[in-house]
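This report concerns one protein model and considers a residue, a pocket and a helix pair in turn.

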Amino acid sequence: MVDLDSINIEPFLTRYDIVMESKESPQDIASRMYPEEPALRKVAEDIVFLRSKNIEADVQAALSEFSPNQVIDSGLLRGIEIVSEIYDRGIYYLPHVMVAADGFDKGIKVAEKALEGGRQVKGTVVMHAAEGDPHDIGKNIAAVLLKSNGYGVIDMGRDVAVDDVVATVLSERPNVLTGTALMTTTMSAFPRVAEKLQEKGVDIPFICAGGAVNRGYVESFPLGVYADKAAEGPKLVVKAIEGWDWRRIRENWDKLIRGTMEGE
Ligand code: B12
């Protein structure tokens, strides 16, 4: 018989990965995720360590070495990714995240001014973050990418009421509508928008994105076309402008997002 009392089970019950993780400081976590280039790293650091006052000057400095898209992706967005990681580990709290998001907003405005192509409008996209949802960082990035690809963007902001979205689509007649939802409590606004638009005879693609939704959910209601990343926006919008309806975009989604179309 094994004498269970004589066995030290402590080492078996210890989750060493969690022990290691909890010992990490925000600096440790950030240092694993920073971009290598010093100017971009400075931008990411401003976001992570909540130095909102420096952000505009540091983004401007980075723009003298890198394209606006590089500054957004590898500087500003990397900073938010690091903040998300630190928040998810319970080290940062909501106020930290709010200050970081403010810094991101200031930075993206500077980067946006430096983008070419914002003037020639190829078509119009109405964008919003779902009713009840304050998360708009991903939407703002997607808006910048669409503008830089020459599309006109009407950005309705965050926490936009379903009826306001519908009214704006009816008055502006865009080629595409987009919605972002990061909360499981707000994603149900999307099918409500789609249903009301269909009742009014509107049949445009409605690109839905954000951490709360997935492709299966978005394709469970009419008009819905899923997007996983901001960079997918222009790939989907271009097809809508070419006259593809939401059904055809859905059917060809894998080819559009992951590969090339036949004949291209
Ligand atoms: C930043 C943040 C906030 C900020 C938001 C600031 C802002 N201006 O956006 C603040 C501090 C305000 C906030 C508040 C809250 N938050 Co918060 N927040 C986050 C956090 C840390 C990061 C989200 C983020 O910006 N990610 C980065 C962006 C880039 O990702 P994204 O939006 O998904 O965008 C990507 C794609 O989806 C896509 N995309 C997005 N939109 C579009 C559009 C188009 C057209 C295209 C093509 C692509 C596209 O492109 C992007 C990538 O390329 C997440 C945690 C996490 N790890 O995600 C929690 C998180 C989203 N928050 C959460 C919660 C619960 C809240 C609060 C309710 C907390 C509270 N207890 O009060 C409050 C909201 C209260 C309210 N109702 O007002 C939960 C949601 C859980 C759920 N499943 O419902 C999360 C997941 C945290 C968690 N793990 O619990 N939050």
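Ile-137 is found in helix α8. The structure is a predicted model, and the description below should be read accordingly.

Leaving aside residues up to four places away in sequence, Ile-137 touches Ile-80, Ala-101 and Phe-104. Between the C-alpha atoms of Ile-137 and Arg-158 the separation is 9.7 Å, and these two residues are 21 residues apart along the chain.

## The largest pocket

The largest pocket holds about 1,400 Å³ of space. Its lining consists of 43 residues, of which His-135, Asp-136, Ile-137, Gly-138 and Leu-182 are the closest to the centre of the pocket. Two or more lining residues come from each of these elements: α6 (68-88), α7 (94-113), α8 (137-148), β3 (176-180) and β4 (206-209). With eight residues, α6 gives the most to this lining.

The pocket lining comprises 24 nonpolar, nine polar and ten charged residues.

## The contact of α5 with α7

Helix α7, one of the elements that give two or more residues to the pocket lining, also meets helix α5. Helix α5 spans residues 52-63, and the axes of α5 and α7 come within 9 Å and cross at roughly 35°. The crossing of these two helices is right-handed.

On the α5 side, the residues in contact are Ser-52, Ile-55, Glu-56, Val-59, Gln-60 and Leu-63. On the α7 side, they are Val-99, Gly-103, Lys-106, Gly-107, Val-110 and Ala-111. By class, the residues of the contact of α5 with α7 are six nonpolar, four polar and two charged.

Methods. Residues numbered from 1 in each chain as written. Predicted model: local features only at pLDDT ≥ 70, side-chain atom pairs only at ≥ 80, totals over all residues. Heavy atoms only, no water. 1 Å grid on protein atoms, 1.4 Å probe; cavity = no way out; pocket = protein on both sides within 12 Å on 5 of 7 lines; lining within 4 Å. Points joined across faces, edges and corners; volume = space filled by probe spheres on them. Helix = DSSP H or I, 4+ residues; strand = E, 2+ residues; numbered from the N terminus. Nonpolar A, V, L, I, M, F, W, Y, C, P; charged D, E, K, R; others polar. Axes fitted to C-alpha atoms, helices over the stretch in contact; angles between N-to-C directions. Left-handed = near helix turned anticlockwise from the far one by under 90°. Contact = heavy atoms within 4.5 Å.
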